[in-house]
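Subject: The structure we talked about

Hi there,

Here is the structure I promised to pass on.

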Amino acid sequence: MKLLEMNHVRKSFDGISVIKDISLSVEEGEIVSIIGPSGSGKSTLLRCATMLETMDSGELMYLGEKAAWSDGTGKMAYASRKDLKRIQENYGLVFQNFNLFPHFSVMKNITDAPICVQKRDKEEVYRTARDLLKKMGLEDKENAYPCQLSGGQCQRVAIARALALNPKILFFDEPTSALDPELTGEVLKVIKSLADLDIAMVIVTHEMAFARDISDRVIFMADGVIVEEGRPDVVFASDNERTRSFLGRYGEMLK
C-alpha cells in the first residue's frame, strides 16, 4: 500500500516557483533518496510532505487519507485538527541542524513528545528510548545535554527522537550537511542500520555513494521538477543529459 502520496504539488516563494507540479509516492518500507543540485526544491518538498510548509496547490495523502488538498478555489484545504494529529503520527523528520532542545537532557529530548503528545506509558517510552540510545551507540549519554555532545552524537540523538514516535516513514533533510567528513560517516552508518527496522525512509542527501547503496529508488530533482527516478543502478548510469551533468561531479567518488 502507498504510505505517502503527493500529487501535482506546487510551491512558490515571493513569486519564484520552487516546486513545479511534482507527483511522487512512497511504499511502506521503501527507502527513497532525493538528490539534485542546491536550490532544486528538495528540502522544500520534504517540508511540504511534513506540513512545515503550506503547498500552493496539490494533494498530500498518508495511507490513502487526505491531509491537504486544493479546494477548487485556489486555496488549500486541510483535514480536521483531530485527523491531522493522527496523520502526523505516521512520520518523523530529522533536520540538518538537529533541532534538539538545548535545555533538555538527551533522555528528555527523546521522551518528551511520546509522553506529552502521544500520551504513552512513561515506563514503556523510557524503555524504548534506552533501546534506541543503545542502537545509536549512546547508551552512556542519556543524562548529557546537547552542548556536551559532538555534532554526530547530536544527530544520532535526533534520529532516536524521531524513531521514538514509532513512525511509519522517516524523512531526513540532508542529515549530514552540518557535519565534518568523519562525523558524516558515523551518521550514515547509523542510517544504514535502520534499514532492518522496515521503516520507510525519504532521504535528501548530497552523499551520492550512500544514496546509491541504501536506496530502493533514487529521485533526481533539478529546477523544481523530477528529472528522473528509478533504481539506483539505472539513475546512476543514466543517459539523461541533465542527470549525467550533475552526477559527473561525483564520478570519482562513485567508482
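Thr176 sits in the loop that links β8 (169-173) to α6; helices here are DSSP runs of H or I with at least four residues, strands are runs of E with at least two, and both are numbered from the N terminus. Before going further, please note that this is a predicted model, in which local features need pLDDT of at least 70, side-chain atom pairs count only at pLDDT 80 or more, and totals for chains, interfaces and linings use all residues. Residues are numbered from 1 along each chain as its sequence is written, and side-chain values use heavy atoms, with hydrogens and water left out.

Is Thr176 buried or exposed? Its relative accessible area is 7%, so Thr176 is buried (buried means under 20% relative accessible area, exposed over 50%, and partly exposed in between, using a 1.4 Å probe and protein chains only). Setting aside neighbours within four places in sequence, Thr176 is in contact with Thr184, Val187, Leu188 and Glu207, where contact means heavy atoms within 4.5 Å. Thr176 also has Thr205 at 7.8 Å, C-alpha to C-alpha, although 29 residues separate the two in sequence.

Apart from neighbours within four places in sequence, Ser33 touches Ile203, Thr205, Ala211, Ile214, Ser215, Arg217, Val218 and Ile219. Ser33 counts as buried because its relative accessibility is 0%. Which side chain makes a polar contact with the side chain of Ser33? That partner is Ser215, at 2.6 Å. A polar contact here is a pair of N or O atoms within 3.5 Å; within protein, one must be able to donate a hydrogen and the other to accept it, and residues adjacent in sequence count only if both atoms are side-chain atoms.

Now to the helices. Two packed helices are described by the angle between their axes and the distance between the axes. The axes are lines fitted to C-alpha atoms, for helices over the stretch in contact, and the angles run from 0 to 180 degrees between N-to-C directions.

Helix α5 (residues 151-163) packs on helix α6 (residues 181-193) at about 20°, and their axes are 9 Å apart. That makes α5 roughly parallel to α6 (angles under 35 degrees count as roughly parallel, over 145 as roughly antiparallel, 65 to 115 as roughly perpendicular and the rest as oblique). On the α5 side the contact is made by Gly151, Gly152, Gln153, Gln155, Arg156 and Ile159, and on the α6 side by Leu183, Glu186, Val187, Val190 and Ile191. Sorted by class, this contact of α5 with α6 has five nonpolar, four polar and two charged residues. For these classes, Ala, Val, Leu, Ile, Met, Phe, Trp, Tyr, Cys and Pro count as nonpolar, Asp, Glu, Lys and Arg as charged, and the others, Gly among them, as polar.

Helix α3 (residues 106-116) and helix α4 (residues 122-135) cross at roughly 135°, with axes that come within 10 Å. The two helices, α3 and α4, are therefore oblique to each other. Val106, Met107, Ile110, Thr111, Pro114 and Ile115 of α3 meet Lys122, Val125, Tyr126, Ala129, Arg130 and Leu133 of α4. Nine of the residues in this contact of α3 with α4 are nonpolar, one is polar and two are charged.

α3 also packs with α5, at an angle of about 25° and with axes 8 Å apart. That makes α3 roughly parallel to α5. Here Val106, Asn109 and Ile110 of α3 meet Val157, Ala160 and Arg161 of α5. The buried residues of α3 are Val106, Met107, Asn109, Ile110, Thr111 and Pro114, and their cover includes α4 and α5.

How many residues of helix α1 (residues 42-49) are buried? Seven of the eight are, namely Lys42, Ser43, Thr44, Leu45, Leu46, Cys48 and Ala49. Met51 follows α1 and has a positive phi, near 60°.

Two aspartates have a positive phi as well. Asp198, in the loop between α6 and β9 (200-204), has a phi of about 60° and is exposed, with a relative accessible area of 59%. Asp223, in the loop between β10 (217-222) and β11 (225-230), has a phi of about 55° and counts as exposed at 54% relative accessibility.

Best wishes
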